[in-house]
2 protein chains.
Amino acid sequence: MPNSRIALDVMGGDAAPGALLEGALLATKREKDALTPDRILLVGDEAAIDSWFAQNGGNPGFSIQHASQCIEMHESPAKALRAKRDSSIGGCVKAIRAGQAGALVCMGNTGACVGASTLGLGTLEGVRRPGIAITLRMTGHPVTMLDMGANIASKPEHLLQYGVMGSIFMRDMLSVNDARVGLLNIGEEPTKGTDLCKDSHALLAESGLNFVGNVEGPDIFQGAADVIVTDGYTGNITLKLMEGLSGFLMKQVVKELQAQGAESAGDVISALQRNTDYSEYGGALLLGVNGTVVIGHGRSDATAVSNAIDLAARALKAQVNTHIVEGCAAFASDRETKS
Amino acid sequence: MPNSRIALDVMGGDAAPGALLEGALLATKREKDALTPDRILLVGDEAAIDSWFAQNGGNPGFSIQHASQCIEMHESPAKALRAKRDSSIGGCVKAIRAGQAGALVCMGNTGACVGASTLGLGTLEGVRRPGIAITLRMTGHPVTMLDMGANIASKPEHLLQYGVMGSIFMRDMLSVNDARVGLLNIGEEPTKGTDLCKDSHALLAESGLNFVGNVEGPDIFQGAADVIVTDGYTGNITLKLMEGLSGFLMKQVVKELQAQGAESAGDVISALQRNTDYSEYGGALLLGVNGTVVIGHGRSDATAVSNAIDLAARALKAQVNTHIVEGCAAFASDRETKS
């Protein structure tokens, strides 16, 4: 059993360290599943953390692990990880390696978090490549998509495992049993798409997963599948496009409403934004690494941080990683090739 | 000079042949650039066409080229093109080959249209692969993206030519000179993304095009580039995602507005839909084939059909294809490999 403590990178994110520390406090005050302060390990600049608590009612009992450096949002992940050996995200990974924590939560540079976690923690037994899983909740029923950007050079065997990991996540975390798995593609027929699509379709179809075939853009929003698998390049393009387009359209809606003198514009938009912003629900999980890793948006506020901590706590409690190891062993295919 | 007549596939699309024939009529009655009926060749079931005109005021002088078959929206393009030798889309292509038309307009099965056009017309001299170019106008200034799905197995040389063709299209059709060309990717740095991205970035950077580097989802809606190039798989995923997400969000906006008792919901939505629906502006151009090919949405109404016919007429008049041949010759690179 992994340590149940959660290492929080308090230096990452647009509003660090304030929003992170406030989020940690919120996580100890939740109505449901509040964590005791000893469940959260703060990783970052100790002086900055102490100073923040001095001005905000004191540290209620969080342990602090000092890290002297921080990888900024704009930095190249690979370069920064090499140059900054004492970064806060690196400290979180070290805490898991040392058995001081079982999970980490990071709102900082996503690439650096994926890189540090993948290299530092390695993959779970039997898992070939980790994948970033993001759960969209816009439609009223959750849809988990992966990989949203961890693994650019995906192979069919990776996509099969994304289907396995996504299904386990849906069952363990969202009570969706026998999740319907779809393959993001550009047409319905099994022969559509790139070679990766065709080979993945064949592998998924014979896998024993509840595979529902190819899904296209509109299907995502029409409940055609519970888990949608794709390669990390396409997934990341998809993710950023959704962010860009929904942000743009929401602005247009506000403009139109204001132009027409509607008074409720603000309310409408807040309601919609709550429904379209995945960080409301705690961020993304990097599934497949040997540790529980939650990645949030750089712009996360204290509530989002507290949701991310809660997500990490629930993933630990549900033993998602144990089930992933079991699942990937059960779904190991004869057709696997060296990756 | 190609024939200036436009072959219209009147059997393709959800509301065929009515919406197509009504669209042809509208094209002859435009306030600006109205076409005489002899500029439009109707391709499809002659009896159905005659019967429609008998009930709708008579045929004002359109020529009809009979085609006994129609490829339905749901059919597999490759199979259908083999099985239906007398299809209406095939008839349009034949008309261009025979010099009876210089352009075709199709609202039917996109795959069949791309397949029939590419095989039947071939590519323009020097063009390696055709690409579907779609112009988004949501943001107030046009952004042309290609390839949106013609060429799944794209190579760097194809993406370079998409940059060339897109720039020529922007100059000839939309008066945007020296268009800023961006590469759809998952990060800013030249080393980001797939091998195709990296190699395409290098080729575009040294091409002499006005290359502005990688663009990500939000950049599309922030005016970072006038032309955005990508492979046909990613482009098609992107296109369908934009359709699916904007359709879904618009529905949510209506729901929220109605829930809050706003009376102007309908107006707001119509205004937004006009701005987000590319078929309002005439559909997509299949750039690079030896003929002018306009592909519209299956759900196109008569107005969209008439806009598509107008787009074809303007592309012929602007000699886009002649300029593409010149452009691709000028941008031919030493680094080209056999494709």
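Within helix α11 of chain A, A:R314 and A:D310 stand 4 residues apart, which is about one turn of the helix. An α-helix has 3.6 residues a turn, so residues three or four places apart point the same way. In this predicted model, the two side chains form a salt bridge in which the closest N and O atoms are 3.0 Å apart.

In chain B, B:D310 forms a salt bridge with B:R30, and here the closest N and O atoms are 3.6 Å apart. B:D310 lies in helix α11 of chain B and B:R30 in the loop between α1 and β2 of that chain, so the pair ties together parts that are 280 residues apart in sequence. B:D310 counts as buried at 11% relative accessibility, while B:R30 is partly exposed, with a relative accessible area of 22%.

From here the view widens to the two chains together. Chain A can be laid on chain B with an RMSD of 0.1 Å by a turn of 180° and a shift of 0.0 Å along the axis, and that is the relation of a two-fold axis. Of the interface residues of chain A, 100% are also interface residues in chain B, so the copies meet through the same surface.

The contact takes 46 residues from chain A and 47 residues from chain B, and the area buried between the chains is about 4,000 Å², of which carbon and sulfur atoms give 76%. A:I186, A:Y233 and A:L241 supply 16% of the area that chain A buries against chain B, more than any other three residues.

Polar and charged groups also take part: across the interface the rule finds 4 residue pairs in polar contact and 2 salt bridges. The elements that give two or more residues to the side of chain A that touches chain B are α8, α9 and α10 of chain A, and the largest share, 18 residues, comes from α9(A). By class, that side has 23 nonpolar, 16 polar and 7 charged residues.

One salt bridge in this model joins the side chains of B:E216 and A:K240, at 2.3 Å from N to O. B:E216 lies in the loop between β8 and α8 of chain B and A:K240 in helix α9 of chain A, so the pair joins two chains. B:E216 counts as buried at 15% relative accessibility, whereas A:K240, at 22%, counts as partly exposed.

Note on methods
Residues numbered from 1 in each chain as written. Chains lettered and ligands numbered in written order. Predicted model: local features only at pLDDT ≥ 70, side-chain atom pairs only at ≥ 80, totals over all residues. Heavy atoms only, no water. Least-squares fit on C-alpha atoms with pLDDT ≥ 70 in both. Contact = heavy atoms within 4.5 Å. Buried area = accessible area lost by both parts, 1.4 Å probe. Polar contact = N/O pair within 3.5 Å; in protein donor to acceptor, adjacent residues only side chain to side chain. Nonpolar A, V, L, I, M, F, W, Y, C, P; charged D, E, K, R; others polar. Buried < 20%, exposed > 50% of the residue type's maximum accessible area, 1.4 Å probe, protein only.
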